[in-house]
Amino acid sequence: MNKKDLARFKKLIETERKRVVSQLDSIEEAISDRTANQASGAQGYSNHMADIGSDAMEQEQAFLHASQGSDYLRQLDDALKRIQDGTYGVCEDCGGKIPVKRLEAYLAAELCITCKSRQEKLQRS
Ligand SMILES: [Zn+2]
């Protein structure tokens with residue numbers, strides 16, 4: 001990948017990283033708000049079981065988003081490291097080039113399409 005493309009992807013990844021970080025911040029805030037509310041009893045003793053159920057589900061969703069988000073954040077950090085090393089856009093498996101289009105669609109891509117689909121097949125079987 002040439003320097004111009006690397007610089008462009010660096011910017012894209014940094015922007016994406018900021019977006020994910022602020023998203024994670026708001027999820028964490030929502031979780032701690034809810035936990036604080038529950039601790040103080042503000043939401044307790046409700047007769048509406050459905051409400052409690054959806055609350056718990058919402059919280060579960062928030063945790064799920066948070067863990068997915070932090071995984072993604074780690075992948076973006078790795079991608080930034082690869083940009084610094086000059087190995088960004090190189091498939092970690094076969095060493096082939098990852099098409100720019102694929103990287104644009106998924107900034108943290110580590111594998112070319114061939115290796116990725118092979119890996120997915122392995123995971124499924
Ligand atoms: Zn590959």
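Reply: A residue is called buried if 20 or more other C-beta atoms lie within 10 Å of its own, exposed if 12 or fewer do, and partly exposed in between, with C-beta atoms placed from the backbone. This is a predicted model, in which local features need pLDDT of at least 70 and side-chain atom pairs count only at pLDDT 80 or more, whereas totals for chains, interfaces and linings use all residues. Residues are numbered from 1 along each chain as its sequence is written. The pLDDT is the predictor's confidence in each residue, from 0 to 100; the protein chain averages 88, and 90% of the residues score at least 70.

The secondary structure comes to four helices and zero strands, where helices (H or I, at least four residues) and strands (E, at least two) are DSSP runs numbered from the N terminus.

Of the 125 residues, 9% count as buried. A nonpolar core is a set of buried Ala, Val, Leu, Ile, Met, Phe, Trp, Tyr and Cys residues joined through C-beta atoms within 7 Å, and the largest one here has nine residues: F9, I13, L76, A79, Y88, I98, L103, A109 and C112. Helices α1 (3–40) and α2 (49–85) each supply at least two residues of this core, which also draws at least three residues from each of domain 1 (1–88) and domain 2 (89–125), the bounds coming from an automatic or database domain assignment.

Leaving aside its neighbours within four places in sequence, Y88 is in contact (C-beta atoms, placed from the backbone, within 7 Å) with M1, L6, F9, A79, R82 and I83. Across the protein chain, residues 24 or more positions apart account for 64% of the contacts with a separation of 6 or more.

Q84, in helix α2, is exposed, with 10 other C-beta atoms within 10 Å, and the C-alpha atoms of Q84 and K10, 74 residues apart along the chain, are separated by 9.0 Å.

Finally, of the 12 residues of α4, the number buried is zero, so this helix lies largely in the open.

Conventions
Two residues are in contact if their C-beta atoms, placed from the backbone, lie within 7 Å.
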